[in-house]
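I opened my notebook to look up a few spots in a structure. Here is what I went through.

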Amino acid sequence: MKVKKENSMEKEIHAVGERTDKICAICNEERGHVVTSVNKRGQVSRVSCTKCGTLSTFKLSSRTSPRPVKTPLPYDRALTYRAGQSIMHTTFGVGEVTALIEPRKIDVLFQDRIRRLIHAQV
């Protein structure tokens with residue numbers, strides 16, 4: 001996220017693929033959403049829920065309090081992950097664990113798409 005100063009007020013400029021927190025209308029939970037479109041001024045206009053995939057409009061009033069930025073852990077197939085953790089994959093980049101699938105598989109949301117990875121391998 002870039003910050004541009006204008007008239008001594010800070011304006012946030014966003015890009016498609018970034019994440020922002022919002023209360024999902026379908027899940028009825030506060031969770032990370034992926035920015036799917038921005039207007040000409042770089043303001044978020046539409047987001048997608050990482051859990052249910054619902055597309056919704058984004059208003060600053062729907063944004064929840066900002067979470068502290070998580071430092072992503074390097075991905076290691078031997079480690080055990082949980083939903084909500086951020087990881088850094090050497091090929092796919094930064095991602096967020098969205099679901100645990102079976103005992104040793106996880107779904108991870110990367111900037112381009114959700115990918116299924118293994119974890120907890122001994």
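Predicted model: local features only at pLDDT ≥ 70, side-chain atom pairs only at ≥ 80, totals over all residues.

Where is glutamate 102 found? I traced glutamate 102 to the loop between strand E9 (93–101) and strand E10 (105–109).

Residues are numbered from 1 along each chain as its sequence is written, and side-chain values use heavy atoms, with hydrogens and water left out.

Back to glutamate 102: I got a phi near 55°, positive in a residue other than glycine. Glutamate 102 is exposed because its relative accessible area is 56% (buried means under 20%, exposed over 50%, partly exposed in between, with a 1.4 Å probe and protein chains only).

Next I went to the segment after strand E11 (114–118), where I found histidine 119. Histidine 119 has 3% relative accessibility, so it counts as buried. Leaving out residues up to four places away in sequence, I listed its contacts (heavy atoms within 4.5 Å), among them Arg77, Tyr81, Leu100 and Ile106.

Alanine 120 is in the segment after E11 too. Its phi is near 60°, again positive in a non-glycine residue, and alanine 120 is buried at 16% relative accessible area.

Last, I checked a hairpin. Strand E3 (residues 19–23) pairs with strand E4 (residues 30–38) in the antiparallel sense over five bridges; pairing takes at least two bridges found by DSSP. Lysine 22 stands opposite arginine 31 in E4. Six residues lie between the strands of this hairpin, and asparagine 28 has a positive phi near 60°.

How values were computed:
Helix = DSSP H or I, 4+ residues; strand = E, 2+ residues; numbered from the N terminus.
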